[in-house]
Amino acid sequence: MSADGVTLRFGEELILENISFQVREGDFVSIIGPSGCGKSTLLNVLAGFCRPQTGTVEMEGRKVDQPGTERGVVFQDLALFPWLNVIENVAFGLKMNRVDKRARHERARAMLHLVGLHGREAERIQNLSGGMRQRVALARTLVMEPAILLMDEPFSALDAQTRDDLQVELLKIREQLNTTVVLVTHSIDEAIYLSDSVLLMKTKPGRIEEVIDVDLGDIRQPSIRTSARFNEYKQYFMDHLKSSHQ
Ligand SMILES: Nc1ncnc2c1ncn2[C@@H]1O[C@H](COP(=O)(O)OP(=O)(O)OP(=O)(O)O)[C@@H](O)[C@H]1O
Ligand SMILES: [Mg+2]
């Protein structure tokens with residue numbers, strides 16, 4: 001996926017200014033920046049929910065101007081269907097695509113297994129913890145086999161331990177499915193731990209300040225989060241985010 005010269009206004013206000021970047025297939029890219037700098041707006045443009053006035057987004061050689069199944073979206077606000085149980089939620093998109101019940105439940109079950117919810121298929125959404133709901137939302141998106149996963153602060157409502165666990169989980173899933181990921185996050189730790197590269201945004205108008213490659217190897221053990229190298233990155237990001245507020 002790539003963005004080329006994306007500029008977007010809401011009314012008179014310039015929100016995104018001349019944003020260009022590339023996400024290589026299989027890469028994990030995070031977007032980080034101060035609140036209100038336009039991260040969610042940018043993700044909405046990538047998802048095709050929102051069109052820029054100038055510039056283009058391309059995916060697999062085609063211009064993005066509407067939502068598409070090759071781009072799976074997971075937002076913080078999960079919007080799971082409370083009247084459906086776990087497996088019905090995950091299989092919902094397949095049902096809309098007229099995949100027959102046996103096949104869609106088989107695929108949904110495999111995806112639930114992948115996100116660690118094996119055996120919870122028949123549970124009501126209301127009975128699940130926040131972390132489990134987030135897993136259901138992830139499975140629901142992944143079951144459609146998107147080429148790229150667009151996530152907007154998917155873990156921000158979770159407690160620290162659940163969040164850490166889900167980050168590890170997400171890396172495993174991505175390794176198995178070979179999905180490209182673009183993640184918007186407020187967490188510097190999350191961005192460093194998960195990403196191959198991080199887009200650092202500045203605010204008013206939202207623009208890309210810097211693209212930083214995170215060179216921590218392909219296999220990220222959770223223990224990497226306390227390594228000296230990790231902390232060097234962290235310091236760097238903290239300094240730069242501070243200056244982007246000024
Ligand atoms: N639909 C809209 N109409 C008008 N202005 C909007 C709209 N959506 C967002 N904005 C404005 O665009 C700017 C960027 O908002 P956006 O939600 O993209 O920021 P963000 O970086 O995701 O912030 P946060 O980190 O708080 O989630 C803000 O100034 C916001 O007020
Ligand atoms: Mg946002």
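Biologist: What is the handedness of the crossing of helix 2 and helix 3?
Modeller: Right-handed, for helix 2 against helix 3. Keep in mind that this is a predicted model.

Biologist: And at what angle do the axes of helix 2 and helix 3 cross?
Modeller: Roughly 125 degrees, and the axes of helix 2 and helix 3 come within 9 Å. Helix 2 is therefore oblique to helix 3.

Biologist: Which residues make that contact of helix 2 and helix 3?
Modeller: On helix 2 they are V86, I87, V90, A91, L94 and K95. Helix 3 brings R104, H105, R107, A108, R109, M111 and L112. By class, the contact of helix 2 with helix 3 has 8 nonpolar residues, 1 polar and 4 charged.

Biologist: Now helix 2 and helix 4. At what angle do their axes cross?
Modeller: Roughly 30 degrees, with the axes of helix 2 (residues 86–96) and helix 4 coming within 7 Å. Since angles under 35 degrees count as roughly parallel, helix 2 is roughly parallel to helix 4. Helix 2 passes helix 4 in a right-handed crossing.

Biologist: Which residues of helix 2 and helix 4 make the contact?
Modeller: V86, N89, V90, F92 and G93 from helix 2, and V136, A139 and R140 from helix 4. Sorted by class, the contact of helix 2 with helix 4 comes to 5 nonpolar, 2 polar and 1 charged.

Biologist: Then helix 4 and helix 5. How many Å apart are their axes?
Modeller: 11 Å, and helix 4 (residues 130–142) packs on helix 5 (residues 160–177) at an angle of about 20 degrees. Helix 4 and helix 5 are therefore roughly parallel to each other. The crossing of helix 4 past helix 5 is right-handed.

Biologist: Which residues hold that contact of helix 4 and helix 5?
Modeller: Helix 4 contributes G130, G131, Q134 and L142, and helix 5 contributes T162, L166 and L177. That contact of helix 4 with helix 5 divides into 3 nonpolar and 4 polar residues, with no charged ones.

Biologist: Changing topic. Which residues surround ligand 1?
Modeller: F10, I15, S35, G36, C37, G38, K39, S40 and T41.

Biologist: Which helix gives the most to that shell around ligand 1?
Modeller: Helix 1 (residues 39–47), with 3 residues. The shell around ligand 1 has 3 nonpolar, 5 polar and 1 charged residue.

Biologist: What are the domains of the protein chain?
Modeller: The domain assignment gives domain 1 as 1–22 + 38–68 and domain 2 as 69–245. The centres of domain 1 and domain 2, taken over C-alpha atoms, are separated by 21 Å.

Biologist: How many residues are in contact between domain 1 and domain 2?
Modeller: 20 residues of domain 1 are in contact with 17 residues of domain 2. On the domain 1 side, the elements giving two or more residues are strand 2 (13–22) and helix 1. Strand 2 gives the most to that side, with 7 residues. The side of domain 1 that touches domain 2 has 12 nonpolar, 5 polar and 3 charged residues.

Biologist: Where is the place of E60?
Modeller: E60 lies in the loop between strand 4 (54–59) and strand 5 (62–63).

Notes:
Residues numbered from 1 in each chain as written. Chains lettered and ligands numbered in written order. Predicted model: local features only at pLDDT ≥ 70, side-chain atom pairs only at ≥ 80, totals over all residues. Axes fitted to C-alpha atoms, helices over the stretch in contact; angles between N-to-C directions. Helix = DSSP H or I, 4+ residues; strand = E, 2+ residues; numbered from the N terminus. Parallel < 35°, antiparallel > 145°, perpendicular 65-115°, else oblique. Left-handed = near helix turned anticlockwise from the far one by under 90°. Contact = placed C-beta atoms within 7 Å. Nonpolar A, V, L, I, M, F, W, Y, C, P; charged D, E, K, R; others polar. Near = placed C-beta within 6 Å. Domains from an automatic or database assignment.
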